Amino acid sequence: MIYLGVHNSWQSGAALIVNGKVVGAVSEERFNRIKNFHGMPTQSIKFLLSAQKLKITDVDKVVYGMITSIEPDQSILKKIIRIIIEGCIKNPSVKEKYFERVTTEMLWNKNHLDEIKDWICKNKLKEKFYLIDHHYSHAAGAYYSSPFNNCLTFTSDGKGNYKSAGVYRGTKSVLEELDYLTTFDSLGYFYGNITSALGFKAERHEGKVTGLAAYGKKTSFQKVTDSIFELKNGSFKSSLGKYYLPWFCKKSDLPLLFDEVKKYKKEDVAYATQKTLEKVVCYWIESAIKKYNSNKLTNICLSGGVFANVRLNQKIMELDKVKNIFVMPAMGDIGIPLGSCFAQMAKDKKTFKRFIPSMSLGPSFSDKYIENMLKKNKRSFTRIKDKKSVMLKCLSENKVIGFFNGKMEYGPRALCNRSIVYHCRDITINSWLNKRLNRTEFMPFAPVTTIELAKECFINWSENHYSADFMTVTYSVTEKFQKICPAVVHIDGTARPQIVRKENNPTLHSIITQYNRESGELALLNTSFNNHEEPIVCTPDDALQSLSRGNVDVLLIENFLIQ
């Protein structure tokens with residue numbers, strides 16, 4: 001059986017599973033070079049099928065994990081009506097905002113469903129088309145790609161299927177929805193609106209706010225963020241009005257919030273926002289463990305854009321009743337195509353490989369392709385036999401390396417298949433390299449190290465912490481690591497590592513192991529191979545353009561070195 005998952009909304013993309021094996025998963029932005037592309041993932045689908053020598057007619061099921069219908073189903077509709085009635089009684093002035101939220105979402109759903117249906121009809125796939133709930137797709141993506149056979153799964157984002165969050169129980173091959181929150185109570189919109197009020201872009205720069213929070217301190221603005229959500233009966237409920245509305249807002253939508261933000265330092269606003277998020281989510285998860293798992297030690301899966309927040313994920317991992325966490329590596333809507341395929345396969349009772357140890361699911365390129373591309377661009381190059389020794393020589397010469405290796409990664413993180421690599425000694429690198437890449441970042445670059453060295457680096461890290469393989473959680477660092485690798489440690493003493501296992505990436509594992517032997521250093525620095533506001537590079541052509549722009553000093557691309 002061949003399953004094709006598609007997503008045509010924000011962060012569109014596709015995934016392909018053949019006979020139970022994930023053979024590819026990609027996001028459209030990497031091909032068309034439009035950041036967070038919103039639309040039909042035509043190039044993604046073309047790549048996935050051609051890589052397997054398949055035609056669209058060979059696909060058995062096309063799975064769409066965005067919506068199940070234009071209007072809310074009966075159970076959601078009843079919940080929405082109850083929330084609107086209670087909200088309007090409490091605050092009549094926002095009555096029209098409740099209805100505006102529902103009608104806006106209905107129109108959004110209709111536009112996307114019409115687009116996908118047109119594509120389905122054009123390709124004569126009507127009898128092969130299946131719909132999966134958006135948040136169920138998020139949950140399935142996390143649970144079925146995790147190492148756990150029994151866990152609670154939590155989803156949280158801006159919106160999807162009139163929901164913004166959900167709780168699920170995963171037991172072997174079954175994933176069951178236990179509870180959900182509607183779009184009215186969206187943590188994604190909460191964090192995104194303050195991101196906008198700080199002068200950044202919602203749905204793009206929330207990570208800047210997370211990094212900035214570490215520089216802040218508690219102020220009276222904490223009362224503003226805390227007032228937005230009421231924690232009650234094991235869940236949380238928003239208060240629509242002067243500081244919060246359930247969509248990405250402009251100043252004209254929430255003038256009081258935007259004006260209030262201006263009274264404080266940016267880092268203090270970020271601090272309050274982060275603390276409120278952590279308080280709400282940790283209360284929600286602790287309450288669910290108590291309610292659904294009798295307060296036992298519990299494995300937790302996480303998915304949805306809110307769980308791109310690596311500091312939040314560390315807080316969840318440190319909760320007393322949490323045994324371990326697994327964050328879906330493609331946690332945002334990038335991961336919807338893969339999650340929807342998993343959900344449909346489980347529904348069909350089809351067996352498939354559980355747990356995905358590597359996110360190297362995109363395109364790779366042959367030496368012949370690379371050599372022809374370099375000759376076409378009239379670039380001199382050196383063919384290399386020993387990638388490891390060349391890499392170590394470049395590092396010893398303080399050269400910023402564009403490292404291009406194997407299949408492109410799936411998800412928002414560069415995992416050293418498409419990364420910029422440097423040593424971790426220079427604490428000033430966040431200033432000069434970000435300037436070189438036209439970035440404004442408050443989170444430091446990430447360390448990448450091996451599983452054998454990780455315990456020397458990160459406090460409470462354990463070999464079964466697979467989330468750290470995908471750079472989705474922070475850890476407090478050891479004194480030794482802080483001293484040896486200051487360039488990748490945040491002001492709060494944390495780092496967001498990538499842990500490399502030999503079986504998943506033998507080339508990188510070998511390089512870091514040898515680097516440690518020769519230098520005594522515990523890690524290398526890793527940041528995504530892209531200029532500001534651009535997608536991570538996909539092809540050798542993209543990488544060469546980045547080199548030509550001066551983003552890196554040298555390009556190490558498979559078996560070629562380009563100065």
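Reply: The buried residues of helix H5 are covered by, among others, strand E6 (150-160), strand E7 (163-171), strand E8 (174-182), strand E11 (298-303), strand E12 (322-327) and helix H12 (336-347). This is a predicted model. The buried positions begin with the pair His-134 and His-135 and continue with Ser-137, His-138, Ala-139, Ala-140, Gly-141, Ala-142, Tyr-143 and Tyr-144.

Next, the nonpolar cores. The largest one holds 165 residues, of which Phe-154, Trp-284, Ile-285, Phe-458 and Phe-481 touch the most other members. Helix H10 (residues 266-292) contributes the most to this core, with 12 residues. Another core, of 27 residues, lies apart from it and includes Ile-45, Leu-48, Leu-113 and Leu-125. In soluble globular proteins, nonpolar side chains tend to be buried together. For Phe-481, the contacts beyond four places in sequence are Pro-447, Glu-456, Cys-457, Phe-458, Pro-486, Val-488, Val-489, Leu-522 and Ala-523.

H10 also packs against helix H6 (residues 187-197), at an angle of about 175° and with the axes 10 Å apart. H6 is therefore roughly antiparallel to H10. On the H6 side the contact is made by Leu-187, Phe-190, Tyr-191 and Ile-194, which meet Val-269, Thr-273, Gln-274, Thr-276, Leu-277, Val-280 and Val-281 of H10. Sorted by class, this contact has 8 nonpolar residues, 3 polar ones and no charged ones.

Now the sheet. It is open and mixed in its pairing, with 8 strands in the order E13-E22-E21-E14-E15-E20-E16-E19. Strand E13 (382-383) and strand E19 (498-500) are the edges; each has a single partner strand, so one side of each has no neighbour in the sheet. Helix H13 (residues 367-376) packs on this sheet and touches E13, E21 and E22, its direction making about 25° with that of E22. Strand E21 (residues 554-557) runs antiparallel to strand E22 (residues 560-562), and 3 bridges join the two. In one of these pairings, Ile-557 has Phe-560 of E22 as its bridge partner. Helix H19 (residues 540-548) lies across E21 and E22 as well as strand E14 (401-404), and runs at about 165° to E21.

Lys-388 lies in helix H14 (residues 387-396), while Gln-514 belongs to helix H18 (residues 506-519). Beyond four places in sequence, Lys-388 is in contact with Ser-510, Ile-511 and Gln-514. Lys-388 and Ser-510 are 122 residues apart along the chain, yet their C-alpha atoms are separated by 7.3 Å. Gln-514 in turn touches Lys-388 and Leu-392, again not counting residues up to four places away. The relative accessible area of Gln-514 is 19%, so Gln-514 counts as buried, the cut-off being under 20%. Lys-388 has 27% relative accessibility and therefore counts as partly exposed.

Notes. Residues numbered from 1 in each chain as written. Predicted model: local features only at pLDDT ≥ 70, side-chain atom pairs only at ≥ 80, totals over all residues. Heavy atoms only, no water. Core = buried A, V, L, I, M, F, W, Y, C linked by side-chain atoms within 4.5 Å. Buried < 20%, exposed > 50% of the residue type's maximum accessible area, 1.4 Å probe, protein only. Helix = DSSP H or I, 4+ residues; strand = E, 2+ residues; numbered from the N terminus. Contact = heavy atoms within 4.5 Å. Pairing = 2+ DSSP bridges. Axes fitted to C-alpha atoms, helices over the stretch in contact; angles between N-to-C directions. Parallel < 35°, antiparallel > 145°, perpendicular 65-115°, else oblique. Nonpolar A, V, L, I, M, F, W, Y, C, P; charged D, E, K, R; others polar.
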